[in-house]
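Hello,

Here is the structure I promised to pass on. Please look it over first; my notes follow below.

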Amino acid sequence: MSSSFSYPELQYKKYDLPVESGTYFSSIALAVWDNIHGPKLLHVWTGQNPRALNDDRKLVTIANFTLNDEAGRDQEGIETKFYSLPKHGVIASAFVFSLEVVEGKQDIFSFILILPYHELSEYLARHAFCQDKAEKLLCNHFVSHLVKMSSEKALLIDKVDKVISECFRTPLMIFTELMSSIRAYAIPHPIDIKQTFLGDIPALERQSPNFLKKAITSHLQTGGYTVVLGQDSESVNRMILTLGLFLTPKEQKTSRLLSSPVLVAMEDGEGVNIIHLYHYEPGLYLQGYTSMDTNNSSLLPFTKNELEDNCMPSTIINMDKLEVWVFNINLANYIRERSERIRKFEEEKKVTRRRLLSYKDSDMSQYDESAKLLDSSLVHVFLQEVQLLPVNTPGVIESYTTQFIRLLNLKAFALVKYVEAELKLMDNQLYLAGEQIASALTLSAASASSTSRLNTSLLMQNLSIESDGDLRVIVIKAERIRPKTCLDVLEPLEAAAQVLQQFETL
C-alpha cells in the first residue's frame, strides 16, 4: 500500500519493495524535471534491508545530481549516468530520458537505482548487465505505455501514477528480484576445486565418457554462455562451478547458481500469466535451472526467441541425461543477424516487449546434440594433464586452469593481429586493383578468390591449432577483443569479393 509523503516543495509516493526482491537496492526513485521547483521526486521504492535509504533529503539531493544539468535536453533515447557519492554513503546509477507526456511539452525523467557505497566494486562488475535490463524495463513497461497516453487529457502525475500501478509494478519487482538473485546465488570467488568436476574427473567419465570434454568445449565455443539443467541441484551447481573456472571474475559476477523456482502472477493485456521468477535471462553467462521433466528433453525453461536475445549462441547441458546441446546456427550468421535486428530496432525506434514465459515445449530441431560438436584437442589435452595434478594440494589445479585460459587469450590476441594485418593487406590490394583498372589492366578470377577468404590453414599453423574446434574457441575469445572477428575468419569476405568481381568486369 502506498502512502503520500510530504516535503516542503513536493510530494512523492513511497512504496516498500517485496521482501523477496528488495534486498539488493537501497532505494529506487523516479524523478522528473519541474520548471518551477527543479528536480521533483514522483515515486520512491525502499529496499527491505538494513541498508535501505529512508533519508528524504539524500533522495532529493541524488535526484538533483541526475537532473540539474538536463534543462533544455534534446537528446533522444536513454542516457545512463553513474555517481559515486562517498559523502552520502551511496552509489547511484541513473537513466535519464525525455518524453512528450503532455501534448506539446517535453518532460525529462530520471530513473535512479541507489546502492550502498560499499557495493561499488561488486556493482561495477554487473553494471553493464544491470544497465541493459533497466533500459529494457523502462522501454517496455514505462516509456511505451506513457507515450500512448500523450493525447489523453490528464495531468502528468496522474498519467505516471496510472502506468506505475497498471504496467510497471510487477516488471519492476521481477527486475529487482533478478538482481537480488544474482548476488544471493553468485558463484563464490575463489572457486573450491573440490566442489567442481575437475577434482574427480574419472568418476564423471565412468558415467559418460567425454561428457566433461564436450561440456567445456561447447562452453568455450559459445563464449561462456551456458545453461545447466537437472533434477539434482548438487550436480547442476557442480557443473556451473566447473565451467565458472573458465570465466573471468567479472563474468562470474554475472552468473547464477541453481536457485529454487518462484511462481508469481503477472497481469498483462491478455490476462494473468503464471510465470517463473527465475527464468532464462539473456546476458547471464552461467545459469542453472531445475528440469521440469527428465523424460521429455524438449521441455525447457526458455524459448527459441529468448535464446536469440543473447549476444552469442548458447550451450545447454542436461545433467540428468549427460547430454550437451548447442544452438543450431552458424556463428557468423548468428552475429550478423543479431546485429541486423539491433540496427533495425534503432532505426525504426520500436519498443519490443519480451514476454516473460513459463516453462514451455521448445522445438529441439533448433539444437545440435553433442555428436555434431566440434572437437577441441586443446581441451582434451588440458583434461588429460589436469588428472595428473594433485587434487589435495591447494591452488595447483586452479593455477593450471588460469594458465590454460591465459594461453587461449594469447592466441586470441595473435589472431586479432593476424586478421588486422590481412585486412589491411586486402585493402591495399583493392586500392592497387583500382589503379590497375585505370590503366586498362584486369584482375584474374583466381586472384579474387584468393583474397576473398583469410588463409585459415596458415593461421591455424602459426597459432599451433590442430582442429576447427580449437579455432572456434580462439575466435570466440578474439571476438571480445575485436568485434566482428567471427565474420572475418569463419566465412568468406563477401564484400571484398564482390568489389573485386566488379573490377574484373570493367
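Tyr225 and Tyr285 are both buried (under 20% relative accessible area; exposed is over 50%, partly exposed in between; 1.4 Å probe, protein chains only). This is a predicted model: local features need pLDDT of at least 70, side-chain atom pairs count only at pLDDT 80 or more, and totals for chains, interfaces and linings use all residues. Residues are numbered from 1 along each chain as its sequence is written, and side-chain values use heavy atoms, with hydrogens and water left out.

Now the rings. Rings of Phe, Tyr and Trp (its six-membered ring) pair if their centres lie within 6.5 Å; planes under 30 degrees apart are stacked, over 60 edge-to-face, the rest tilted. The count comes to 17 aromatic pairs. In one, the ring centres of Phe111 and Phe168 are 5.9 Å apart with planes at 85 degrees, so the pair is edge-to-face. Phe111 sits in strand β7 (residues 105-116) and Phe168 in helix α3 (residues 156-184), so this pair ties together parts 57 residues apart in sequence. Helices (H or I, at least four residues) and strands (E, at least two) are DSSP runs, numbered from the N terminus. Phe111 and Phe168 are buried. Tyr225 and Tyr285 form a stacked pair: 4.5 Å centre to centre, 15 degrees between the planes. Ring pairs also link Tyr15, Trp45, Phe95, Phe97, Phe109, Phe111, Phe142 and Phe168 into a cluster.

Last, helix α6 (residues 233-244). Nine of its 12 residues are buried. Among them are Val236, Met239, Ile240 and Leu241.

Best wishes
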